[in-house]
Amino acid sequence: MNEADKGPVSALAREWARLRGDFWDLGMLSWIPVALCGILWLVFSAGIARDLPIVVIDNDNSTLSRQLTRWLDASPGIAVAAKVASSDEALHRLRERTAFGYLLIPNDFEQKLLSGRQATVQWLYNAQFSSHAGALLRDVRTVSTTLSAGIEMTARMKKGMSGVQAAAQFEPIRTTLNSLYNENTSYEAFLTLALMPAMLQIFIVVAVVTSIGRELRDGTVPQWLTSANGSWLRAVGAKLLFPLIAYCALALLYLLFFSLARDWAVAGSLPALLLSMLLLVLAYCGLATLLIAATLSLRLALSGAAFITAPAFAFAGQAFPLMAMPAPARAWAEALPLTHYLQLQTKYWLAGAPWRYGVQEMLILAGFAVGCGAVGVFLLARRANAPAAWGRA
Amino acid sequence: MMWQSFIATWRAMLTDKGALTLLFIGGIIYSFFYPLPYSTEIVQRVPVAVVDQDRSAMSRQLTRFAMAHPSLQVIAVTPDLPVAQDLLWRDKVMGVLILPEGLQTDVLAGRAAHAQVAGNGLYLMLNKVALNGLAEVVGTVSAGIELKRLGAGTPSTVQANQQRSPIAFDAVPLFNVKEGYGAYVVPGVATLIVQQTLLIGMTMLFGTWYQRKTFPVAGRRTAGGYAGMLLAFACVAFLNCCYFFGFVFWFQDYPRGGNFGGMLLLLVLFSLAEAAFGMLLGMLFRTRERGTQLMIATSMPVLFLAGLTWPVSSMPVVLQWLRWLLPSTAGIQGFVALNQMGASLYEIRHEVAGLLALLLACVALGWWRWRKLDETVVDLNKAKALDM
């Protein structure tokens, strides 16, 4: 082994010794991300919300209105928590959040329907709880439409049509609705899978920023650089290696957990997905290096990390679509590696796309890694080894 | 003693640049930054493709209706399914209307014809708009055909329409009546931002005091000293909440103006609970940055545990209980109910009770830690070996 080869080993050994001596820093590379990702998964592990409470105001109290109420309760997404007498009572339930909507059945409901006229039911829902309300609206509408169709069919058959004839007549063009790649519109698939990399990027930036920033804060840059034989590339490389390994392992862990244990098999290109994961970790290693190199202050870089990574998921276009965002938000979203990675993950993992559908996004991620990383190392080399850059708190 | 400690804590907050930024500037920056992606509030003109394998007058009519639909934008009409698949994988379209061969023949022969509507289920909002829009297109054309048929046997179109759909369904959104996405998410996140910036700022101050062996409140650790510091930090939470609930909700035009008195009462309780929680937490930290590191990473789980975006009843029972240990859980639910829904104090009694219990527990534990602070400060060198 010649002199040059010893460099990285001792820089790595130095970094490893530091990590081993620090319970919390080591935790940030291991059990803390696993625990927090685990909690997130647990929150959404039911996948689909079941038995959300609603109340019914049945002003008719007839056979048909009671049937409608029973059908609502039987629907898996709905639980009829109570029948109440007035809108005031129903609104009280909504404000108390023990019900998320109420169905108002008018007093002439059955009478109108039996005499061949149209009756209107009103569904009033708490739109402040948008995802609760969205699931409920779909189910309540389905129940009401089903009952409506049944009544219509009965009326036609009374007029002497056969069942088949009546069915074909009452809806000439039928529609089958499909949610591709996620038939049940499960939140476990749609949200949890996307939240895992969103957590990952937070940890990567915090770990890298901490690891380099600490040398600056403590003014130990000369020792750090000496341990890398004076090479900035090696010095930074030694800092990035442990986060890189830890977070690639975390990415693999959630890939294995969801694809094997939770049955969300990778439908598209697995090699492309693995490469995308690696590029995500590298891109954020690069971004974090640039962040600390630009600020030269652990505190400022951590504040920057909070600003960039904590709200990143809101900008990433998974919950609220990119195409509906105003230009500045869209621009910020495009400047986040997470946005591009999530498009890759969605395509390769669940939508089943072949590798070539993500080349553009992968090049962007690689660009982030190389571009930010290079500028970061350059800035560190220029500015970090000067006492003026140390000790900022 | 209490006022001395109150003033000393304020002085410490205002003279620490890092804490000052977090406690007073952070919330203001986030208040403009976080609602930004949602400022358009609703999704319009979702790109879709029509796969027309029938190429009949009827399929062209369906395509024209899709083009005219306000929430859709037809960017491709093709007979080939693989073309649509390609567009889906490229994220160029979010939905597809498939009109199979024989559609018109079936309809004319009085047989039920089938059209398929598919949306990208991995983008829930776009999926919903695409599915609803395309289903409406098919429904409208289908209803037109049916009405024509019924019209032959019934006297008026009104009557025909009533026969066609006996139960009319009228959906009415309450509280967030415009159904804006930002109006749904941001009020909850506002409380989270107040909590997280406060906790980061507080752990930063406590960590720094520990590191530098300086403490703003000198001498014996008295109850007055504890109370003064608690009040000082509670003021920060109070001011930040006032800024969000008063200015930001008005500026962004979110639903508001609910129960003002109730809000004020919960606000006092929430601020005290946050401060007590933060002090208990802060006394665990030995370095300036440790709290920041941990707190950035916990923001997302903490938000989802509040039960605003995902029903509490669908969480595992353990989490349904554990989530009450965070002040944000009761805070987010309680403030949304008061500010956006105009709930009464009785209607948020669980949140009030939860915060009260949390406040008492945090004060009890915090006071116990506070009295032990003397020893730890003296014993700094021993502790330093344990934790940097």
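Because the model is predicted, local features need pLDDT of at least 70 and side-chain atom pairs count only at pLDDT 80 or more, whereas totals for chains, interfaces and linings use all residues. Residues are numbered from 1 along each chain as its sequence is written, chains are lettered from A in the order in which they are written, and side-chain values use heavy atoms, with hydrogens and water left out.

The size of an interface is often given as the accessible area lost when the parts come together. Between chain A and chain B the buried area, that is, the accessible area (1.4 Å probe) that two parts lose on being put together, summed over both, is about 10,200 Å², and carbon and sulfur atoms give 64% of it. Helices (H or I, at least four residues) and strands (E, at least two) are here DSSP runs, numbered from the N terminus.

Strand S5 (residues 173-180) of chain A runs parallel to strand S4 (residues 113-120) of chain B, and eight bridges join them; two strands pair if DSSP finds at least two bridges between them. Within this pairing A:Leu180 stands opposite B:Asn120, and A:Ser179 has B:Gly119 as its bridge partner. S4(B) is also joined by four bridges to strand S3 (residues 95-99) of chain B, this time antiparallel, and there B:Gly95 stands opposite B:Gly119. Because six of the eight residues of S4(B) are buried, this strand is largely enclosed by the rest of the structure; buried means under 20% relative accessible area, exposed over 50%, and partly exposed in between (1.4 Å probe, protein chains only).

Salt bridges form a further set of links. With a salt bridge taken as a side-chain nitrogen of Lys or Arg within 4 Å of a carboxyl oxygen of Asp or Glu, the count over all chains is 22, and the count between chain A and chain B is five. One that involves both chains is between A:Asp22 and B:Arg290, at 3.1 Å from N to O. Within chain A, A:Asp25 meets A:Arg18 at 3.1 Å, and A:Asp25 is buried, with a relative accessible area of 6%. In chain B, B:Arg111 and B:Asp106 meet at 2.9 Å, and both are partly exposed, B:Arg111 at 46% relative accessibility and B:Asp106 at 22%. Shared partners join A:Arg14, A:Glu15, A:Arg18, A:Asp22, A:Asp25, A:Arg214, A:Glu215, A:Lys239 and B:Arg290 into one network of salt bridges.

Some residues are worth a look for their backbone. Most residues other than glycine have a negative phi. A:Leu296, however, has a positive phi of about 55 degrees; A:Leu296 is placed in the loop between helix H12 (270-295) and helix H13 (298-309) of chain A, and is buried at 3% relative accessibility. B:Glu179 also has a positive phi, near 55 degrees, and lies in the loop between strand S5 (167-174) and helix H8 (181-212) of chain B, where B:Glu179 is partly exposed at 39%.

The last stop is B:Val46, found in strand S1 (residues 46-52) of chain B and buried, with a relative accessible area of 0%. Not counting residues up to four places away in sequence, B:Val46 touches residues including A:Met323, B:Leu72 and B:Met94.

Key
Contact means heavy atoms within 4.5 Å.
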